[in-house]
Number of protein chains: 2
Amino acid sequence: MTEVEVKKAPESLQDRLGQVIDLLQRQRVVEDLTHRQEGHHHDLVENLVHRQNLVELQRKLDDLHPADIAYILEALPLDDRLTVWQLVRSERDGDILLEVSDAVRQTLIADMDDHELLAAAKEMDADELADLAPELPRDVVHELMETLDGQQRERVRSALSYDEEQVGALMDFEMVTIREDVSLEVVLRYLRRLKELPGHTDKLFVVDHDGILKGVLPIKRLLVNDPEKQVADVMATDPVSFHPDEDAYDAAQAFERYDLVSAPVVDKSDRLIGRLTIDEMVDLIREESESEVLNMAGLREEEDIFASVWRSLRNRWAWLAINLVTAFLASRVIGLFEGSIEKLVALAALMPIVAGIGGNSGNQTITMIVRAMALDQVSPGNTARLMRKELAVSLINGLVWGGVIGVVAFWLYGSWSLGLVMTAAMTLNLLLAALMGVLIPMTLVRLGRDPAMGASVMITAVTDSGGFFIFLGLATLFLL
Amino acid sequence: MTEVEVKKAPESLQDRLGQVIDLLQRQRVVEDLTHRQEGHHHDLVENLVHRQNLVELQRKLDDLHPADIAYILEALPLDDRLTVWQLVRSERDGDILLEVSDAVRQTLIADMDDHELLAAAKEMDADELADLAPELPRDVVHELMETLDGQQRERVRSALSYDEEQVGALMDFEMVTIREDVSLEVVLRYLRRLKELPGHTDKLFVVDHDGILKGVLPIKRLLVNDPEKQVADVMATDPVSFHPDEDAYDAAQAFERYDLVSAPVVDKSDRLIGRLTIDEMVDLIREESESEVLNMAGLREEEDIFASVWRSLRNRWAWLAINLVTAFLASRVIGLFEGSIEKLVALAALMPIVAGIGGNSGNQTITMIVRAMALDQVSPGNTARLMRKELAVSLINGLVWGGVIGVVAFWLYGSWSLGLVMTAAMTLNLLLAALMGVLIPMTLVRLGRDPAMGASVMITAVTDSGGFFIFLGLATLFLL
């Protein structure tokens, strides 16, 4: 996508969404009226108002940046979303499709016929096509591939051959390449002959006649150095570069760490095959953080907020079902001690405190660890230390807050021994929470899974069953 | 910070951390030996090994990018961290201090004397100084300000006058400005006279003699257009710009949306006063997502994983204490029904299932909503729809999973009415979870708070107390 000038200040985005919603609501009122008074002489007037509203809305949309329209589409329920989508000029369809989330994109594509899809896709670069292709109908993809030249088709195929999470799937092919044995003056003249430079061009790629990457020439250096100098004398010879099969998130972290704007992608023999740009990396960083949040809560994938009820159900059922099993297990643990509860009903009232605080504390620990793992800060060399620290924090929390709640238990039920059991159970359950808060994400990683995956559901399962068992077990041993 | 060439591929970052930890461990073994054999003739030999290790470690560190050293410092426990810190060449101290997180920075600064701090700070730009100043000892800041010229001092003061979350605190002052009535040729010659261009210079700022921003000249346009052309004919006249008192996170979203690399910051009369760059925005996007995760789990602020136990305790106590109160309330709800539990002890075993599933489902809803709010997708116009959808999802989940667990309850305890109460209680608690999952973050925002703040703790509190009340209440009404 080429750089577009944006008229409004960014803070008015919510306002703009508000305006669109307003227009849509007016629209709906008019449609309601038209419907009710069908056949009446009002028809003509209503139709006029109807059309005026649509024209106003369309004018508003024409003024907006594709990214802003994408944002508005995301925030609208399905029917309104499609109304707006039909008002967008078709030549902008492609840009907008590339901006919206996967979930919303599916709803938009479902609303387009093959002809519209082909028109939207025709303007796209190879990497953008590859982005979109998996969601397009098979015959549209086939027809699209026919219209491409050999190199483009090869590029789309190559991009499609990589996993979504690999560098190869995110790279684009808009590299400006130069030779090392020319002067900067020649480079400047060469650039002037190009109609325009690709977005995010902060460096030119220096390759030899086999396409092997020899270095990069930052635009900054091109501009401040004497035009008489040779590229070879000015270029950076050892730039950060990536391989197409590398993990894209690692690349994003490297962009963040080294403050990169673009970087070359090379194959095993150092041949330049593409480039990565910061805009893709920013999207990735955001998506990664989001999926961390969602995963911890046991949501499988991105779900747009106006997803259908059925879609939402599918997204949430897996972990709810797991939770049902773990809750059932916790219930069976209590079942083991029904005899004790019958004798001392206070146990039933106090047991959720032990389980609840354990769950909260365990969630704190697991959140810390998952975050540290996402930042690559946990290594075998420091695991033991980390564990000791978490256990120490839990021990103190257990003694302090367990002590408080022990006193409260004494005050409520008048039994010192009940209070002591409460304090001991709290402390033990917090230690269990710390232990599992460290071990669960580490085990998930060792199994090749995402450490955030359902972390919250799992730690709560452990602290519930564990908490009930510890508390009721101690009570049965010492109080009955 | 100027661009530095990085030798190693980014994937070896964990390896490098491993190497440093190895060297540190060898170091520690040697220190142990030296300590135990003090006064022996081994001393000399040990000292030699000791020094060799340190030299090797220092050489390794000298090869690394400041961002990589920062990463290693983050991942090391305090004592190792300080060992490494002392080995870093003092001229790199400044760059590294700017890269590490606030929590780690405090530990490093605490280890430096005034002289070292002054030396590290001398190399910094005004915006970097302002970043660091709040954590420096007061007399160091005072001495630093003395050494600055008038303009620099003014800039540091200005940056310090803004809140951490405002654009003014994140902008830098490295703008290259040009006039609109000169030719591109003149601009190119002007740039060549500069030693180097600031990082992330993808556009030059066009200002009049009063410093009023007239437009921006993207470097891309400078390079492809005829050098004879005037700046005024080529520049973009209506660029995205920001005000210093705007919310920095809104600016970061604009950078993401419009794929910006840099953008001007102007005051109320459109005078250019600074610029924002994508690297700061990326850091902000990451921090914002992180604080969302941490806040939901009830962690107050960033806590580095090797923070002292005491620091960790302070970070976690606030929400644990709140959780203690809510758990106590839930316990009191059960206390109300002790008579019922005494009569039918199965209630004690079944009640955590109702509460647990409610908590899980509520966490899913609240996570979705908090995320949508962070992306500005929730507006008064769509709240009602959102609520209806969440309630529909919960109703179906309640009937389906509640039905399953109702059958299980019948199978365990042989009572159809108990099973029915179970199903009804599950459904009602899931509806409550959906309702509060939407209302809690919305209320927090209306109160001017972060919607993620302790969201998980609060929703769990509601679904626990609510679940116990609904289940035990229904049971008391219909079973006893």
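Reader: Which residue does A:Arg189 meet in a salt bridge?

Author: In this predicted model, the side chain of A:Arg189 meets that of A:Glu185 in a salt bridge, at 4.0 Å from N to O.

Reader: How many residues apart are they, and in which helix?

Author: A:Arg189 and A:Glu185 are 4 residues apart in helix 12 (residues 184–193) of chain A, so about one helical turn separates them.

Reader: And the exposure of each, please? What is the relative accessible area of A:Arg189, and that of A:Glu185?

Author: A:Arg189 has a relative accessible area of 46% and is therefore partly exposed. A:Glu185 also counts as partly exposed, at 29% relative accessibility.

Reader: How many salt bridges are found over all chains?

Author: The search of the whole structure finds 21. Among them is the one between B:Arg257 and A:Asp68, whose closest N and O atoms are 4.0 Å apart. B:Arg257 belongs to helix 15 of chain B and A:Asp68 to helix 3 (residues 66–74) of chain A, so this pair joins two chains.

Reader: Are B:Arg257 and A:Asp68 buried or exposed?

Author: B:Arg257 is buried, and A:Asp68 is buried too.

Reader: Which residue of chain B does A:Glu256 meet?

Author: The side chain of A:Glu256 meets that of B:Arg286 in a salt bridge, with 2.7 Å from N to O. This pair also joins two chains, because A:Glu256 lies in helix 15 (residues 248–258) of chain A and B:Arg286 in helix 16 (residues 278–296) of chain B. A:Glu256 and B:Arg286 are both buried.

Reader: Let us turn to the two copies. What rotation superposes chain B on chain A?

Author: A rotation of 180°, with 0.0 Å of shift along its axis, superposes chain B on chain A at an RMSD of 0.0 Å. This is therefore the relation of a two-fold axis. The same surface serves both copies, as 99% of the contact residues of chain B recur in chain A.

Reader: A change of topic: strands. How do strand 4 and strand 5 of chain A run?

Author: Strand 4 (residues 262–266) and strand 5 of chain A run antiparallel and are joined by 5 bridges. In one of these pairings, A:Ala263 has A:Leu276 in strand 5 as its bridge partner. The two strands of chain A form a hairpin with 5 residues between them, and A:Asp270 in the turn has a positive phi of about 70°.

Reader: How many residues of strand 5 of chain A are buried?

Author: In strand 5 (residues 272–277) of chain A, 6 of the 6 residues are buried, so the rest of the structure largely encloses this strand.

Reader: What is the phi of B:Asp270 in the other chain?

Author: B:Asp270 has a positive phi of about 65°, although it is not a glycine. Most residues other than glycine have a negative phi. B:Asp270 lies in the loop between strand 4 and strand 5 (272–277) of chain B, and it is partly exposed at 39% relative accessibility.

Reader: And B:Asp259, where is its place?

Author: B:Asp259 is in the loop between helix 15 (248–258) and strand 4 (262–266) of chain B. Its phi is also positive, near 50°, and at 23% relative accessibility B:Asp259 counts as partly exposed.

Reader: Finally, which residues of chain A does the "domain: CBS" annotation cover?

Author: According to the unreviewed UniProt entry, that annotation covers residues 171–234 and 235–291 of chain A. Residues 171–234 are 31% helix and 20% strand, with the end C-alpha atoms 26 Å apart. Residues 235–291 are 44% helix and 19% strand, with the end C-alpha atoms 39 Å apart.

Key. Residues are numbered from 1 along each chain as its sequence is written. Chains are lettered from A and ligands numbered from 1 in the order in which they are written. This is a predicted model: local features need pLDDT of at least 70, side-chain atom pairs count only at pLDDT 80 or more; totals for chains, interfaces and linings use all residues. Side-chain values use heavy atoms; hydrogens and water are left out. UniProt positions are given in the numbering used here, feature names are shortened, and annotations may be inferred rather than shown by experiment. Buried means under 20% relative accessible area, exposed over 50%, partly exposed in between (1.4 Å probe, protein chains only). Copies are superposed by least squares on the C-alpha atoms of residues with pLDDT of at least 70 in both. Contact means heavy atoms within 4.5 Å. Two strands pair if DSSP finds at least two bridges between them.
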